[in-house]
Amino acid sequence: MIAVQVTYKINAEFLEENKRNIATFLADFKELRNSKFLYHVYAKDDGLTFVHISMYENEQIQNEVLNIPSFLVFQQERDEKGLVAPPLIENLQHLGSSISMVK
């Protein structure tokens, strides 16, 4: 199991575009109908700091998901137009979940 948390802050002018880009790639992720990954996006109380938490069964699934064109557009636009500082990427050790992932 691969688990990753990405935290980043954007400038206020990029907020609506960031939300649209997130909605677009999440819709594409849902089309995969794949039970081998989970992807969650949260906003902190300031409304400008986002936390993405993703879990993948293996590297092949991770690479497939992260190379969806709408996700690549999200990353590129966020990085070029929206970031206040570079994103913090943290690998997490998965200890358990109330959700079962199919293996």
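Analyst: Happy to! A residue is called buried when its relative accessible area is under 20%, exposed when it is over 50%, and partly exposed in between (1.4 Å probe, protein chains only). This is a predicted model, in which local features need pLDDT of at least 70 and side-chain atom pairs pLDDT 80 or more, while totals for chains, interfaces and linings use all residues. Residues are numbered from 1 along each chain as its sequence is written, and side-chain values use heavy atoms, leaving out hydrogens and water.

Let's look at α1, a helix of 17 residues covering 15-31 (helices are DSSP runs of H or I with at least four residues, strands runs of E with at least two, numbered from the N terminus). From first to last C-alpha, α1 reaches 25 Å, close to the expected 24 Å (1.5 Å times one less than the number of residues).

Which residues of α1 are buried? They are L15, E17, N18, N21, I22, F25 and F29. Viewed down the axis of α1, its buried residues fall within an arc of 160 degrees, so they line one face of the helix; the arc is taken from the directions between the helix axis and the C-beta atoms. On the face turned away from that buried side, α1 carries the exposed residues R20, K30 and E31.

What covers the buried residues of α1? The cover includes the strands β1 (2-9), β2 (37-43) and β3 (49-56), together with α2 (59-66) and α3 (69-82), where contact means heavy atoms within 4.5 Å. α1 lies across β1, β2 and β3, and runs at about 165 degrees to β2 (axes are lines fitted to C-alpha atoms, for helices over the stretch in contact, with angles from 0 to 180 degrees between N-to-C directions). α2 also lies across β1, β2 and β3, running at about 140 degrees to β3.
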